[in-house]
Amino acid sequence: MNGLEIVELFGKTWADHDLEAALAWITDDCVFDSTAPAPDGARHVGKQDIRIAWQPIFDDLASRFEAEATFGVGERVVQLWRYSWNGGHVRGVDVITVRDDKVAEKLSYVKG
């Protein structure tokens, strides 16, 4: 599979609020740079640290990530998205690196 296909499958796990499936799509040493706290976000490394960071997002069944555009070359994928929750939304972008058919790095940024 190519990077775009991996990210599309990974995104489906987010749409389904399936944290276990999302974690199955990341490498053991995955790096996730979150959007908060401003201005630089927080870095999370490894599945357990990322699980803790993502749990509240996946637990909020009213929230939704919607891909606005996704494009990539080789192992690098960029995805523009909109994250909505009860009472608001934010738009942002992820810069994703895929390695060995898994997400190895997810750097997230928001319009602020």
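The legends below describe close-up views of a predicted model.

**View 1. The crossing of helix α1 and helix α3.** Two packed helices are described by the angle between their axes and the distance between the axes. Here, the axis of helix α1, which covers residues 3-15, comes within 10 Å of the axis of helix α3, which covers residues 47-59, and the two cross at roughly 60°. Because of this angle, α1 is oblique to α3.

**View 2. The residues where α1 meets α3.** On the α1 side the contact is formed by Phe10, Thr13 and Trp14, while α3 contributes Trp54, Ile57 and Phe58.

View 3. Six strands form an open sheet with mixed pairing, in the order β2-β1-β6-β5-β4-β3. The edges are taken by β2 (43-45) and β3 (64-73), each of which has a single partner strand, so one side of each is left without a neighbour in the sheet. From one strand to the next, the twist averages 15°.

**View 4. The pairing of β1 with β6.** Strand β1 (residues 26-33) and strand β6 (residues 102-110) run parallel and are joined by four bridges. Aspartate 33 has leucine 107, in β6, standing opposite.

**View 5. The helices against the sheet.** Helix α1 packs on the sheet and touches β1, β3, β4 (76-85), β5 (88-99) and β6, with a direction that makes about 175° with that of β3. Helix α3 lies across β1, β2, β3, β4 and β6, and runs at about 55° to β1.

Definitions and conventions:
Residues are numbered from 1 along each chain as its sequence is written. This is a predicted model: local features need pLDDT of at least 70, side-chain atom pairs count only at pLDDT 80 or more; totals for chains, interfaces and linings use all residues. Side-chain values use heavy atoms; hydrogens and water are left out. Axes are lines fitted to C-alpha atoms, for helices over the stretch in contact, and angles run from 0 to 180 degrees between N-to-C directions. Angles under 35 degrees count as roughly parallel, over 145 as roughly antiparallel, 65 to 115 as roughly perpendicular and the rest as oblique. Contact means heavy atoms within 4.5 Å. Two strands pair if DSSP finds at least two bridges between them.
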